[in-house]
Structure formats: C-alpha cells, structure tokens
Amino acid sequence: MSSLPIFDVAGSALSAQSVRLNTIASNLANADTVGRTPDGAYKPIEPTFESAPLRGQEGMSGVKVLRVDPLDKPAIKRYEPGHPMADAEGYIYAPDVDPVAQMVNLISASRGYQANVEVLNSARELALATLTIGR
Amino acid sequence: MAGPFDNPFGLSALSLPLREQRLKVLSSNLANADTPGYQAQEFDFQRALKGAEDHQRRVTAGPSRGPLGMGGGGAAEAMGLADGPDFRRYVTTRQALQPSLDGNTVNTETENAAFGPPVREAHPAHAVVRAPARGPMPPSTAQEGRPLRIPRARPDDRDHGPVREPP
C-alpha cells in the first residue's frame, strides 16, 4: 500500500500543464512578431494531451503531452510599406494570435496546475499520517 | 472463535486502503481534466468496503488461520486489500453532467469537491487505527466505559499527535 502513484499521476499533470503554460507564453510573447512572408510569420502553437495509463497500477492514468502542433491559422496580411520587414508590395505578415483565447487558456492551465498541486499536498499529508500510525 | 481482539482496528483499517484507492482514481481524473476524450472514473466506496468486509470475514473464518486472525495471506489479505486486479471491480465510468466538445467527462469542480471528504475522513480513520497500535493505555489514563474520542481533523491540526482524552 503506497500513496506514491498519486505523486506520479499529479506530477505528470503538473508537467503537462506547464508545457501548456509554456506554449501560451510563447504565443503571447510572439503576438507582435511579424514576418516578411506568410510562412515566415510566427505560428501559434498548442499542445494536445493524452492520458497515459500507469504501469502496474490498474485503472490509474497520468497525462502526457502527445504533441505540440502549430495552429492552422493563416497569418494576417497587413499593409505597412514603411515597416522594415515589409515585402516588395509593402505587406507584412503577423501571426493570428487571439489574446483573449490565450488568456482563457492560461487561466484554465493555471487552475489545472493548482488543482494538481492540491492533490500532491493531500497525498503527502495522508502519507505522513500513515507514517505516524505506530507512534 | 470471535474474540474481542480479533479485529482491533475495526472498519478503519479496512477503509484506509480503500480511501487511498478512491484518491488514486480521483487524482487520475484531475490529472486528465484537459485530456480530450478521457472518461472520468469513479470508485464505488460503499461496494468496495462491503466487499472488503466480506473478504475479511471469509478469511478470518477460514481454516488456515494464522496468528491474530490474519490468515495465511498476511494482513493485506485479511484486509481485503483492494490493490491489484480485485479493485478494478469497483471502478466505474462516471456519466458526464454536461457534454463537452472534446469528449472529456471530467468535471474539475466535482473532482475537487470529491477530494475533500476522503482526506478529511482519513484523519479520524488514522486516529482509530493508531489508538490500538499504541497498545493499552496506562491505568492512570484508562477510563472505564468511555468511548474513544476521535479528534476531528482541523486544518491547523497537521501534526497528527496522539489521541488525547478531553480534560
């Protein structure tokens, strides 16, 4: 009998959620990065989660990041002839980062992270209580 | 023969591993709260406790009794410990309250709310298990006919000290 698989499960969720936080940070940081071509513009990215059954622990599953994909959103073409990155016709290409959607995602990711930290704390507390049974 | 010390820990000892299994299931749900298509799981505590009780009764009544009524399989066996394939019987898939776009049926609020009671209840259960484990009380503190006081788990009561009688 051990509470340790709970630490594995919650830990996997913490790392998955922090990957998600990283992608949001990357998207928001590059919201104003422009490119000379449509392909040269920054592409917003988003992770996909997948549940990862724990070996030797029936019914328990952690979570892992299956992959991090660029979102299928074409760059926004903007006419700014004076811009240093403008192409021959005076256009620049900005990534289609939706700051509102990113902030919503950020809140969801940090709540998920916090919930799993609470799980870790509860499991730790119970494991300590179990250790003191013989006292 | 059933004696007073056959099962000194009572239901609490049975319930602790089950509470842990329930926490494991809930922690899996919370970890997968954002996984597309994940089906939330639930641990049927009542049925599991009953199964563990029945199992314990079978083991203690069986012919291969070892010392302390724990049977040949040891304490874990006697407690009907739900680890391993046996415990999967009590895990069910939870019905989603509202459908979600990605097919995930985890409701974070439900999981969070469900996480509280097992943690809170585990503290008194630990206390009940701890009391007989400490051995009989010295005569000065033993009081006839008084029920065991189970301290309530308070947020500030984290040191899990010994069970104390009220003054």
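This is a predicted model: local features need pLDDT of at least 70, side-chain atom pairs count only at pLDDT 80 or more; totals for chains, interfaces and linings use all residues.
To see who takes part, select the residues in contact: chain A contributes 32 residues and chain B contributes 30 residues.

A salt bridge joins A:R20 to B:D34, with the closest N and O atoms 2.9 Å apart. The count of salt bridges between chain B and chain A is 1.

Now turn to the helices. Select helix α2 of chain A, residues 99-131, together with helix α1 of chain B, residues 10-31. How do these two helices pack? Their axes lie 10 Å apart, at an angle of about 160°. Angles over 145 degrees count as roughly antiparallel, so α2(A) is roughly antiparallel to α1(B). The crossing in which α2(A) passes α1(B) is left-handed.

Finally, show the side chains that make this helix contact. On α2(A), select A:A115, A:N116, A:V119 and A:L126; on α1(B), select B:L23, B:S27, B:L30 and B:A31. Which classes of residue are found in the contact of α2(A) with α1(B)? There are 6 nonpolar and 2 polar residues, and no charged residues, in that contact.

Methods. Residues are numbered from 1 along each chain as its sequence is written. Chains are lettered from A and ligands numbered from 1 in the order in which they are written. Side-chain values use heavy atoms; hydrogens and water are left out. Axes are lines fitted to C-alpha atoms, for helices over the stretch in contact, and angles run from 0 to 180 degrees between N-to-C directions. Helices (H or I, at least four residues) and strands (E, at least two) are DSSP runs, numbered from the N terminus. Angles under 35 degrees count as roughly parallel, over 145 as roughly antiparallel, 65 to 115 as roughly perpendicular and the rest as oblique. A crossing is left-handed if the near helix is turned anticlockwise from the far one by less than a right angle, and right-handed if clockwise. Contact means heavy atoms within 4.5 Å. Ala, Val, Leu, Ile, Met, Phe, Trp, Tyr, Cys and Pro count as nonpolar, Asp, Glu, Lys and Arg as charged, and the others, Gly among them, as polar. A salt bridge is a side-chain nitrogen of Lys or Arg within 4 Å of a carboxyl oxygen of Asp or Glu.
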